[in-house]
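Biologist: I would like to learn how to read salt bridges in a model. Can you take me through them step by step?

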Amino acid sequence: MDLQTMLDNRNVSKYQLSKMSGVAKTTILDICSGKSSIEKCSAKTIFQISKALNCSMEDIMLLDEPNDYNKETGLPNNKSYLECGLPEYLQISLDNMKKSWKAIDSGEQDIHWDLYWCELNADINSAETDKTISNEQAWYLREKYLRMERI
């Protein structure tokens, strides 16, 4: 369990915890998002939070870090957001490749696999060249759907 889950279970908002504990709201937000680590908080902060939540300091220290965000960059670990807002032609190619991989991965044959792979690769390259998608999006799609490795 992480701090956000504990707050949800107790029906306490981050704002309420901030008011009850005296800990800055930004600190609470950073802990809940994973931007700041509980381990790096001062003993005073841990004490204030534990007192406000009526639990021990050990209970707070044993909370898991949320792993939804990269601690260094603050970006989500799940990068599926990079699949949003793709041009229609690229989305169609992507859907075809998904269906093809599903068949291949389940042991079936798909005689169009190579066609879909080449089409998706060309569409990713085209969208990246046209700056319709970012370099980051292009590589995300290549790694996930073309199963390419970035060197």
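Modeller: Gladly. This is a predicted model. The structure holds 5 salt bridges.

Biologist: What lets such side chains pair?

Modeller: Side chains of opposite charge can pair when their charged atoms come close. Here, E136 and K79 form a salt bridge, at 3.7 Å from N to O.

Biologist: Which parts of the chain does the pair of E136 and K79 tie together?

Modeller: E136 sits in helix 8, residues 135-146, and K79 in the loop between helix 5 and helix 6, so the pair ties together parts 57 residues apart in sequence. E136 is partly exposed, at 38% relative accessible area. K79 is partly exposed too, at 29%.

Biologist: Which residue forms a salt bridge with K144?

Modeller: E83 does, with the closest N and O atoms 3.0 Å apart.

Biologist: Is E83 buried or exposed?

Modeller: E83 counts as buried because its relative accessibility is 14%, under the 20% cut-off. K144, at 40%, counts as partly exposed.

Biologist: How is R147 paired, and where does its partner lie?

Modeller: R147 meets D105 in a salt bridge, at 2.6 Å from N to O. D105 is in helix 6 and R147 in the segment after helix 8, 42 residues apart. D105 is exposed, at 51%, while R147 is partly exposed, at 42%.

Conventions:
Residues numbered from 1 in each chain as written. Predicted model: local features only at pLDDT ≥ 70, side-chain atom pairs only at ≥ 80, totals over all residues. Heavy atoms only, no water. Salt bridge = Lys/Arg side-chain N within 4 Å of Asp/Glu carboxyl O. Helix = DSSP H or I, 4+ residues; strand = E, 2+ residues; numbered from the N terminus. Buried < 20%, exposed > 50% of the residue type's maximum accessible area, 1.4 Å probe, protein only.
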